[in-house]
Amino acid sequence: RLHPKNKRFCAQRLWDQGSEAGWMNDIENEFQALAQKIVSGLPFLSSEQNVAATESFTLWLSRALAQQSPISDQAINGVGGEHLTEDQQERLEKSGGASISSDQTIAGRFLCGIQIRQRMDALSPQLEGKRWGIVKANGGEFISPDTFGHAVLPVTPTVYLFLGHEDSTISKLEVAEINALAERSAKKYCFARDFAACPL
């Protein structure tokens with residue numbers, strides 16, 4: 001049993017703090033509000049809620065791709081860097097800025113935040129107009145992978161959002177099929193509330 005802040009689940013300084021605390025946080029908060037409505041009995045997603053689910057999915061997928069292929073620090077030719085203390089750099093980053101070091105390099109995390117947004121913008125049109133279905137497990141619980149090979153979003157151990165699926169309740173056998181797919185999709189880990197309750 002690991003705490004959600006365990007390093008296995010975290011990407012330390014892989015993308016910039018401005019993106020993390022800014023637009024990424026906005027997307028996460030909007031999806032969290034949607035998840036709470038689903039848990040409270042929301043029967044289906046509105047057009048606006050579908051957009052929120054798509055944003056959350058493309059963020060999740062784009063972050064996973066960023067973790068698999070981190071961007072190294074890059075040389076910026078012809079641009080003078082700054083001699084900033086570590087505290088000054090962190091304050092600048094926290095406010096959404098970026099800095100070029102005195103050796104004329106920019107940290108890869110600043111480019112990563114931009115790349116994640118670009119990937120999301122490229123993925124979103126492919127999902128536009130498609131509907132997310134609320135799928136509930138009638139028996140057993142879902143396994144969640146670090147990344148899914150399909151357009152699926154975990155909400156609770158017994159509720160998932162599936163792109164292009166009807167709002168429905170599925171059998172324990174179908175849950176087992178999805179869990180097997182989740183295990184195959186994972187790159188580094190899977191998590192669940194209770195693996196003993198997850199059929200395979």
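Good morning. I begin with Tyr-160, which has a relative accessible area of 0% and is therefore buried; buried means under 20% relative accessible area, exposed over 50%, and partly exposed in between, with a 1.4 Å probe and protein chains only.

A word on the source. This is a predicted model, in which local features need pLDDT of at least 70 and side-chain atom pairs count only at pLDDT 80 or more, while totals for chains, interfaces and linings use all residues. Residues are numbered from 1 along each chain as its sequence is written, and side-chain values use heavy atoms, with hydrogens and water left out.

Helices (H or I, at least four residues) and strands (E, at least two) are DSSP runs, numbered from the N terminus. Strand β6 covers residues 159-163, and five of its five residues are buried, so the strand is largely enclosed by the rest of the structure. In a regular strand the side chains alternate between the two faces of the sheet. In β6, Tyr-160 and Phe-162 point one way, and Val-159, Leu-161 and Leu-163 the other.

Which strands pair with β6? Two strands pair if DSSP finds at least two bridges between them. Strand β3 (residues 132-137) runs antiparallel to β6 and is joined to it by five bridges; here Val-135 stands opposite Tyr-160. Strand β5 (residues 152-156) is also antiparallel to β6, with four bridges, and Thr-156 has Val-159 as its bridge partner. Two residues lie between β5 and β6 in the hairpin that they form.

I now come to the aromatic rings. Rings of Phe, Tyr and Trp (its six-membered ring) pair if their centres lie within 6.5 Å; planes under 30 degrees apart count as stacked, over 60 as edge-to-face and the rest as tilted. The structure holds four aromatic pairs. In one of them, Phe-142 and Tyr-160 have ring centres 4.1 Å apart and planes at 10 degrees, so this pair is stacked. Phe-142 belongs to the loop between β3 and β4 (144-145), and the two residues are 18 residues apart. Phe-142 is buried, at 2% relative accessibility.

How are the rings of Phe-148 and Tyr-160 arranged? Their centres are 6.3 Å apart and their planes stand at 80 degrees, so the pair is edge-to-face. Phe-148 lies in the loop between β4 and β5, so the pair ties together parts 12 residues apart in sequence. Phe-142, Phe-148, Tyr-160 and Phe-162 form one aromatic cluster.

Thank you.
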